[in-house]
Amino acid sequence: MPRMTIVFVHGVPVTSAVWTPLISELPKSQQQDVVRLSPPGFGAALPAGFGATFLDYRDWLIDELSQLRTPVDLVGHDFGGGYVLEVAMARPDLVRSWISDTIGGYEPDFSWHEIAKTWQTPGDGERHIEETFSGDAAERTARMISWGIPEPAAGQVALGQGPEMGRAILSLYRSVPENMLAERGRNLPAAAARPGLVPVATDDLTAGSVALRHRATQRAGARAVDLDALGHWWMLQDPARAARMMSDFWDSL
């Protein structure tokens with residue numbers, strides 16, 4: 001079998017530092033083939049004229065993958081998982097397999113978590129973002145730790161946070177009201193064109209219920225793996241377990 005490129009894409013409000021512990025737990029042969037792609041505004045510059053909408057990020061990821069040796073094994077967390085699913089549905093030729101933990105957003109009864117609703121509200125969102133990214137790196141690090149991100153990743157993420165990321169977050173969240181996601185979810189069965197895996201962190205309160213995520217996984221023709229007692233930052237809470245889950249999946253293809 002030819003060696004495959006493994007592409008990791010992160011979400012909000014972080015940088016690619018969230019993948020470091022997991023990648024270090026992968027077999028050495030797989031570590032050599034890893035590419036981390038940072039969405040504009042999230043560890044990479046936000047280009048002039050970039051709208052930072054959900055579909056803008058989908059198109060960005062398609063462009064990035066088109067420049068790599070494809071197909072790839074594509075992995076996404078949080079909004080990165082949404083971009084991964086969009087690629088799996090629209091351009092399956094670019095991927096050998098996909099992994100996404102945010103599939104529940106495509107179910108019609110999905111509801112955004114409270115911070116997301118705040119960010120989607122004009123005025124309230126701006127105030128919350130200003131508070132979230134205020135202070136120096138040490139203060140932002142403490143805030144990320146309170147959000148459940150352990151050190152040293154919290155400190156590394158804090159270094160990449162600032163007004164540019166804040167602007168991208170507001171644009172991104174306001175581009176995906178629940179009805180828009182539900183409409184896009186009508187095409188979720190198209191993701192079955194390539195093998196998919198859904199990590200279901202049972203303590204993640206942002207991704208919809210466990211039952212909802214399993215239902216979406218079935219519609220996408222994928223397999224689900226419950227990560228009991230892990231939350232939204234499952235790849236940081238137990239990177240060895242997450243790495244084994246992924247390696248087992250890729251070895252089965």
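Q: In β2, which residue is the bridge partner of valine 7?

A: Strands of a sheet pair through backbone hydrogen bonds, either parallel or antiparallel. Here the partner of valine 7 in β2 is valine 35. Strand β1 (residues 6-9) runs parallel to β2, and four bridges join them. Two strands count as paired if DSSP finds at least two bridges between them; strands are DSSP runs of E with at least two residues, helices are runs of H or I with at least four, and both are numbered from the N terminus. A word on the source: this is a predicted model, where local features need pLDDT of at least 70, side-chain atom pairs count only at pLDDT 80 or more, and totals for chains, interfaces and linings use all residues. Residues are numbered from 1 along each chain as its sequence is written, and side-chain values use heavy atoms, with hydrogens and water left out.

Q: What is the order of the six strands in the open sheet?

A: Follow β2-β1-β3-β4-β5-β6, with parallel pairing. β2 (34-37) and β6 stand at the edges with a single partner strand each, so one side of each has no neighbour in the sheet.

Q: Which residues of β5 are buried on one side and on the other?

A: In a regular strand the side chains alternate between the two faces of the sheet. In β5, Gly196, Val198 and Val200 are buried on one side, and Leu197, Pro199 and Ala201 on the other. Buried means under 20% relative accessible area, exposed over 50%, and partly exposed in between (1.4 Å probe, protein chains only). As for its partners, β5 pairs with strand β4 (residues 95-100) in the parallel sense over two bridges, while five bridges join β5 to the parallel strand β6 (residues 223-227).

Q: At what angle do the axes of α3 and α4 cross?

A: Two packed helices are described by the angle between their axes and the distance between the axes. The axes of α3 (residues 54-66) and α4 (residues 79-90) cross at roughly 65° and come within 9 Å. Axes are lines fitted to C-alpha atoms, for helices over the stretch in contact, with angles from 0 to 180 degrees between N-to-C directions. The two helices α3 and α4 are therefore roughly perpendicular (65 to 115 degrees; under 35 is roughly parallel, over 145 roughly antiparallel, the rest oblique).

Q: How many aromatic pairs does the structure hold?

A: There are 13 aromatic pairs. One of them joins phenylalanine 110 and tryptophan 112 edge-to-face, at 5.3 Å centre to centre and 75° between the planes. Rings of Phe, Tyr and Trp (its six-membered ring) pair if their centres lie within 6.5 Å; planes under 30 degrees apart are stacked, over 60 edge-to-face, the rest tilted. Both phenylalanine 110 and tryptophan 112 are buried.
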